[in-house]
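This report describes one protein model, shown below. It goes from a single side chain to the chain as a whole.

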Amino acid sequence: MLQDEIRGLALALGMVEFGRRLFGGLEVTEEARQAISCCLLTGRHLLLTGPPGSGKTAVAQRIGGLLQDTQAVAGCPVNCAPEVPSCPWCQGRLARGEVLSSIPFPARMRVKKVQGSGDLVPEDLMGDLDLERALKEGLRSLSAFIPGKLLRANRCLLIVAFLDR
């Protein structure tokens with residue numbers, strides 16, 4: 001899991017080096033550094049608030065920069081780990097007798113961003129139907145569903161920017 005990966009890196013580097021990689025060159029108060037580090041080490045969600053230009057996105061991108069390359073199930077729309085292919089798409093493939101192969105999942109692909117603008121709609125986040133496929137294969141067909149950004153952020157760092165705009 002992502003939290004185990006971040007926690008393991010912090011323990012391997014030591015807290016001083018972990019903090020340097022996370023906050024080096026950024027103006028972040030000691031209180032905020034401790035709160036962010038504690039949140040990451042305990043595997044909790046993190047909500048950064050503040051005015052535009054205060055460094056929220058920079059900190060989030062630094063967290064994403066800590067992630068390592070890994071493996072994902074080839075063709076899985078939600079990046080299942082090969083050792084635990086648990087999504088409905090992978091489970092369906094396994095039920096049909098398919099052998100799931102793994103592909104590299106580069107660290108740079110493991111940071112997903114949602115821009116919370118006025119144009120953002122629920123379908124962007126949760127997913128939508130491919131109408132052509134739904135008509136051909138049925139509304140309840142999993143292949144007719146296109147996962148949204150929240151689902152595609154499985155095993156990734158999700159950055160949601162500008163929630164209130």
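Does Trp89 count as buried or exposed? The model is predicted, and in it Trp89 has a relative accessibility of 16%. The cut-off for buried is under 20%, so Trp89 counts as buried.

Phe145 is partly exposed, at a relative accessible area of 26%. Trp89 sits in helix H5 (residues 88-95) and Phe145 in strand E5 (residues 145-147), so the pair ties together parts 56 residues apart in sequence.

In soluble globular proteins, nonpolar side chains tend to be buried together. Here the largest nonpolar core has 17 residues, and Ile6, Phe18, Leu22, Leu40 and Ile63 are those with the most contacts inside it. Two or more residues each come from helix H1 (2-13), helix H2 (15-23), H3, H4 and strand E6 (157-161). H1 gives the most, with four residues. Another core lies apart from this one and has seven residues, among them Cys76, Cys80, Cys87 and Trp89.

Beyond its neighbours within four places in sequence, Leu22 is in contact with Ile36, Leu40, Val59, Arg62, Ile63 and Leu66.

## The loop at Pro52

Pro52 is found in the loop between helix H3 (30-41) and helix H4 (56-65). Its relative accessibility is 59%, and Pro52 counts as exposed. The C-alpha atom of Pro52 is separated by 8.8 Å from that of Phe162, a residue 110 places away along the chain.

## The chain as a whole

The protein has eight helices and six strands. Their order along the sequence is α-α-α-α-β-α-β-β-α-β-α-β-α-β. Along the principal axes, the C-alpha atoms fill a box of roughly 55 × 40 × 20 Å.

Of the 165 residues, 30% count as buried. Among contacts between residues at least 6 apart in sequence, 61% join residues at least 24 apart. The accessible surface comes to about 10500 Å², and carbon and sulfur atoms account for 57% of it. The protein carries 20 positive and 17 negative charges, whose mean positions are 3 Å apart.

Key. Residues are numbered from 1 along each chain as its sequence is written. This is a predicted model: local features need pLDDT of at least 70, side-chain atom pairs count only at pLDDT 80 or more; totals for chains, interfaces and linings use all residues. Side-chain values use heavy atoms; hydrogens and water are left out. Buried means under 20% relative accessible area, exposed over 50%, partly exposed in between (1.4 Å probe, protein chains only). Contact means heavy atoms within 4.5 Å. Accessible areas come from the Shrake-Rupley method with a 1.4 Å probe; for residues, only the protein chains shown count as cover. Lys and Arg count as positive and Asp and Glu as negative; His and the chain ends are not counted. The place of a charge is taken as NZ of Lys, CZ of Arg, CG of Asp or CD of Glu. A nonpolar core is a set of buried Ala, Val, Leu, Ile, Met, Phe, Trp, Tyr and Cys residues joined through side-chain atoms within 4.5 Å.
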